[in-house]
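Dear colleague,

Please find below the sequence and structure that I am handing over to you. My notes on what was found follow directly after.

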Amino acid sequence: MLGLVFGVAILQQQAALLSYNLLALLVVSALFIILLLLKYKLVPWMHLPARFAVAALLGFVWASAYAHFYMREELPKKWENQDVVLTGTIDSLPFQFEHGQRFNFAVEQVRADGVGDLTGIAHWPSKVALSWYGADRGSDMRQVTTVQPGERWQFKVRLKRPHGNANPLAGFDYEAWLLEQGIRATGTVRLDKFEPEAIIYNRKLADFVWSINNVVEYSRAKLRDRIHAALPGQQYAGVLVALVVGDQREIPQSDWTIFNRVGIGHLISISGLHITMVAGLFAGLVFYFWRRSFFLNISLPLRLPAQKAAALAGALMALVYVALAGFGLPAQRTLIMLSVVAVAIWTGRISSFSAVLSLALGLVVLADPWAVLSAGFWLSFSAVGVIVFATGGQGRVKPQESRAAGLIASLRSASLMQYAVTLGMIPLTMFLFGQISLISPLANAIAIPLVSFVVTPLALVGSILPALLSGWLLQIAHVFVDFLARFLTYFSASPYAVWTAPVPSFWLFALAMAGVLWLLAPRAWPLRWLGLVCCLPLLLQTSQKPAEGELAVTALDVGQGMALLLETAHHRLLYDSGPSLGLDSDSGSRVILPYLHARGINELDVMMISHNDNDHSGGALSILKHLPVGLLSTSLSLDSPIVQTAKQHRRCVGGQSWDWDGVHFEVLQPGSASYESTKWKPNARSCVLKVSAKLHSILLAGDIEAIQEDELVNSIPQKLKADVLLAPHHGSGTSSTEPFLKVVQPELAIFQVGYLNRYHHPKPEVFQRYADFGIKRLRTDESGAISIQFGASLKTSQFRQENARYWFDR
């Protein structure tokens, strides 16, 4: 099973899928090795490597075939950003937000004006993710109608192929997640015009279409509605929704920050722990009543052993609870593990818990080869594996002569498990997230029993009982969640709540993991103190920094927005903070802070916000709230919330300059007089920054337009020449004039733009203008994050090219 997982994991690191002919050759090779094992007696030590190799080959082939099958559905490129009419059913629990709703849509028919039925096109996406935004007041467009799971609708939509931000280290791979969900296109619903003779495209065709998935999703929606009805406007209603139906989207990012800092994020959903708890509780009740058979005048244990009845009941209850979670992939993993245990009990093969765990591991990977890309997959199986290793597989406490002795033994066993999990998961947590919660043991000691044995049962029972009882139970559950949140908020505010360090390399992680296992080995194991020596490199590593006089620049992929990190030997500056993505989500919390933490960067010397546009300043507040910033430099108004939040603020004005570690920084615009004028838009006041290392320089131009470019060209042309240019205004048609490019003379231009953005940046004629000047062009929507090293030469790396995966839309 470990060989199988290894083969699947290797496939998920590939830039392209092998052809069917090569996959067939691998299968033949595996069969050949199997025949050799059967026919010839190999040296005993060769048997295990040979079996591992066969399993790895078969795992690689299985994951490849699986990927080929699901990736055959693809939106044709010529239909990207084109209007089509889809007919189908609402396939998921809709998420309502301030400006609209999001949902998955199972496609039954595709039509296009002037073309007709497109359903016959081979492998058109069978499931798409849609967003339906409302019309503004006074608009001549129709408002949004709330949809429900199972309804059949017709929508006029504009689709695009799966695409997400691509950043190193802590970046969330949205494209891989969509592939795992079976979603091969995303899009928006086009609003109908509110005119007498306008065609109504967006209309409901049927109230409910019967299918198992629709019944499950409809039931989840009703349970969610009951919770909201009982807790109108309550702050933590979203937490109860997550515990009952597994929908975490209503929990604000600010709450997630607290939960993750204290290490209880795994509890705020239908987690494996909750599924196991509910299944175990139900199995225990069945076991108790089955042995006594009080409700029948027969002896049920004589017909079926109580252990088998309990195992079957627990597995069925787990199936019901996983259905409540919408058969989410983490919940599926727990269901498979519990099902394996139930089958082991029924077949009398429960002798080795490690074998049961390995079988569950293999089945999970067979059912979902992309599970190996999930942090939850590795965390859940590793946690169980560490417990098995540390306890020697002894899951039960031996009978004691007295209750006191039994209680002491139980506490000792629980303490050993907590110690093993806390210590054993440090290397993996550092490798996945670059941080560990120092107060996690204390927080979990309180949160696990409270959430698992009080809040979750109250929420589950409260969501299905009649309204009067339901309201009381849900209110009580909310009181406990509120108490827990207040307690956790207090402790998470401590600067010592979380310890961060750069994300280690794989080999450093492997060394630390070996050291931890050495420490957790039985007491008789020799030289256990060597385990600490193996962990020291992980604990003592520092963030990589440029040499004196050199500069490192990282243009992060934040979609349609700007965010660049500039690093010298001992200082760091962030230029712009990307866009705000919603009421409680922005590039600061989603992209920039995770990247900085993964790099081990815990403070910024300067953050410069070029001007007051959402795509440049949207993430600034999140960064200021969660990261120390020495100086905020902006062109924003002094009453801006961003300026008010900063500890120290300075307006950027042309002529300001400073030197860091042999690197010169100089602000070229705006002039001080522009702050006294009301005729200029925010773009015109963009902070223009020139940064010069020993041999090379970069010009960061914000969103300046033709007028500001002309002012620079005519006033300080000698200061404009740079080797790298951040394309002004994302390459809009109002910037990057020929005189400006002639003076700057860059070798390389960076365009920070969103994929198929609504502004159509960069404009084709402007993009071509750069090519006509012989300038190399890189775009974050194609390259992902772009890193440039300013040393003896310019060294450029593109995340999507250097970390290519077969699911990237390149």
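The chain has 28 helices and 27 strands; these are DSSP runs numbered from the N terminus, with helices (H or I) of at least four residues and strands (E) of at least two. Please note that this is a predicted model, in which local features need pLDDT of at least 70 and side-chain atom pairs count only at pLDDT 80 or more, while totals for chains, interfaces and linings use all residues. Residues are numbered from 1 along each chain as its sequence is written, and side-chain values use heavy atoms, with hydrogens and water left out.

Overall form

Along the principal axes, the C-alpha atoms fill a box of roughly 100 × 75 × 60 Å.

Of the 810 residues, 50% count as buried, where buried means under 20% relative accessible area, exposed over 50% and partly exposed in between (1.4 Å probe, protein chains only). Among contacts in the chain with a separation of 6 or more, 69% are between residues 24 or more positions apart; a contact means heavy atoms within 4.5 Å.

Asp576

Asp576 sits in the loop between β13 (572-575) and β14 (580-582). Its relative accessible area is 0%, so Asp576 is buried. Not counting residues up to four places away in sequence, Asp576 touches Met562, Ala563, Leu564, Met608, Ile609, Ser610 and His616. With Ser610 there is also a polar contact: the side chain of Asp576 reaches the backbone nitrogen of Ser610 at 2.7 Å. A polar contact is a pair of N or O atoms within 3.5 Å; within protein, one must be able to donate a hydrogen and the other to accept it, and residues adjacent in sequence count only if both atoms are side-chain atoms. Between the C-alpha atoms of Asp576 and Lys795, which are 219 residues apart along the chain, the separation is 23 Å.

Two helices

Ser452 belongs to helix α16 (residues 440-464). Ser452 counts as buried because its relative accessibility is 1%. Leaving aside neighbours within four places in sequence, its contacts include Leu267, Leu273, His274 and Met277.

Helix α1 (residues 2-11) is mostly covered, with seven of its 10 residues buried. Those buried residues are Gly3, Leu4, Val5, Gly7, Val8, Ala9 and Leu11.

Backbone details

Please also note two cis peptide bonds. One joins Gln669 and Pro670, with omega about 5 degrees, and Pro670 lies in the loop between β20 (663-669) and β21 (688-692). Another runs from His761 to Pro762, with omega near -10 degrees; Pro762 is placed in the loop between β24 (748-751) and α26 (764-772).

A positive phi occurs at Asn81, a residue other than glycine, with a value near 60 degrees. Asn81 is in the loop between α3 (44-71) and β1 (83-90), and Asn81 is partly exposed, with a relative accessible area of 27%. Asp661, likewise not a glycine, has a positive phi of about 50 degrees. The loop between β19 (657-660) and β20 holds Asp661, which is buried at a relative accessible area of 13%.

With kind regards
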